[in-house]
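Please examine the sequence and the structure before working through each solution.

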Amino acid sequence: MMKLAALQMQALPGDQAANLARIEKAARDAASAGADLVVVPELALPGYGAGAAMAGLAETADGALMDSLAEIARAAGVAIVAGFAERDGADVYNSAVFTDGRGESVIYRKSHLYGPYEKGLFRPQAPETHLFEVAGLKLGMLICYDVEFPENVRRLARAGAQAVVVPTALPAGPSGSFIAEHMIAVRAFENQIFVAYVNHCGSDALFTYAGLSRIVAPDGRMLAGAGSSDEALLVADLDPADFAESAEANTYLRDAG
């Protein structure tokens, strides 16, 4: 069994030091709650709404920012998944990193960029499968819009992921509410896996965010959820054995061919 924490967060655009400090506090709080992993939103480090400043905030996967995040994970004793702007030569990617402060970090780059804002800032990456293990559970990563394409989640589930963590920057509005309240549960159910969908809250100069972060079980039930406006640290136990009956009754992966 793995205990997962998810921070619904109000990031400060352009202030990576402040956002890193907020993540550090969340890591300590998650560790105090017994969590093995804490997940924070898409581009939580630079702030999703950093806009034209994003390229200047981008850092390499082996840079000082990633070293600081790894040190936070090591000191707190809890693994972290966090969104950041990744520089690779002349290219900038919308990325997420997994680090436990001990082993090699795992980087995932967003494959499906959403709208002109993201397409003007980042380079898309071809869909990739990167699995990592925490407390005996195999996990994969997607970022925001990626999860809205069912083939992305199915690809990870076929590769053996028992849970998918999804840092996101879902905007407020009817579409955002539908995605958080309905689509995420369907993605979990149709693959019989856990899905942690972790959003920003509040607003910045460019966007208002939907909040509504949630951790969903393989049978579609919400194990933990946040409201639309405030920061929250969600914590839930993820144990596939608790949902063996659901997996046996809903054999999508086995029957898909």
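**Exercise 1.** By about how many helical turns are Asp 29 and Lys 25 separated in helix α1?

*Solution.* The model is a predicted one, and the solutions rest on it.
Step 1: Locate both residues in helix α1, where Asp 29 and Lys 25 lie 4 residues apart.
Step 2: Examine the contact itself. Asp 29 and Lys 25 form a salt bridge whose closest N and O atoms are 2.7 Å apart.

**Exercise 2.** Determine which residue forms a salt bridge with Arg 28, and state the distance between the closest N and O atoms.

*Solution.* Step 1: The partner is Glu 24, with the closest N and O atoms 3.8 Å apart.
Step 1: Apply the cut-off of 4 Å between nitrogen and carboxyl oxygen; the distance of 3.8 Å for Arg 28 and Glu 24 is therefore within the limit.
Step 2: Consider the helix. Arg 28 and Glu 24 are 4 residues apart in helix α1, which covers residues 16–32, and about one helical turn separates them.
Step 3: Arg 28 is partly exposed at 45%, and Glu 24 is partly exposed at 34%.

**Exercise 3.** Is Lys 110 buried or exposed? Identify also the network of salt bridges in which Lys 110 takes part.

*Solution.* Step 1: Buried residues have under 20% relative accessible area; Lys 110, with 1%, is therefore buried.
Step 1: The side chain of Lys 110 meets that of Glu 118 in a salt bridge of 2.8 Å, N to O.
Step 2: Glu 118 has a relative accessible area of 0% and is buried.
Step 3: Extend the view to the network, in which salt bridges link Glu 42, Lys 110 and Glu 118.

**Exercise 4.** Describe the open sheet of 6 strands and identify the strands at its edges.

*Solution.* Step 1: The strand order is β6-β7-β8-β9-β10-β11, with mixed pairing.
Step 1: The edges are formed by β6 (131–134) and β11 (222–225); each has a single partner strand, so one side of each lacks a neighbour in the sheet.
Step 2: Direction ignored, neighbouring strands of this sheet are turned by 20° against each other on average.
Step 3: Follow β6 to its pairing with β7 (residues 137–141), which is antiparallel and comprises 4 bridges.
Step 4: At residue level, Phe 132 has Leu 139 in β7 as its bridge partner.

Terms used. Residues numbered from 1 in each chain as written. Predicted model: local features only at pLDDT ≥ 70, side-chain atom pairs only at ≥ 80, totals over all residues. Heavy atoms only, no water. Helix = DSSP H or I, 4+ residues; strand = E, 2+ residues; numbered from the N terminus. Buried < 20%, exposed > 50% of the residue type's maximum accessible area, 1.4 Å probe, protein only. Pairing = 2+ DSSP bridges. Axes fitted to C-alpha atoms, helices over the stretch in contact; angles between N-to-C directions.
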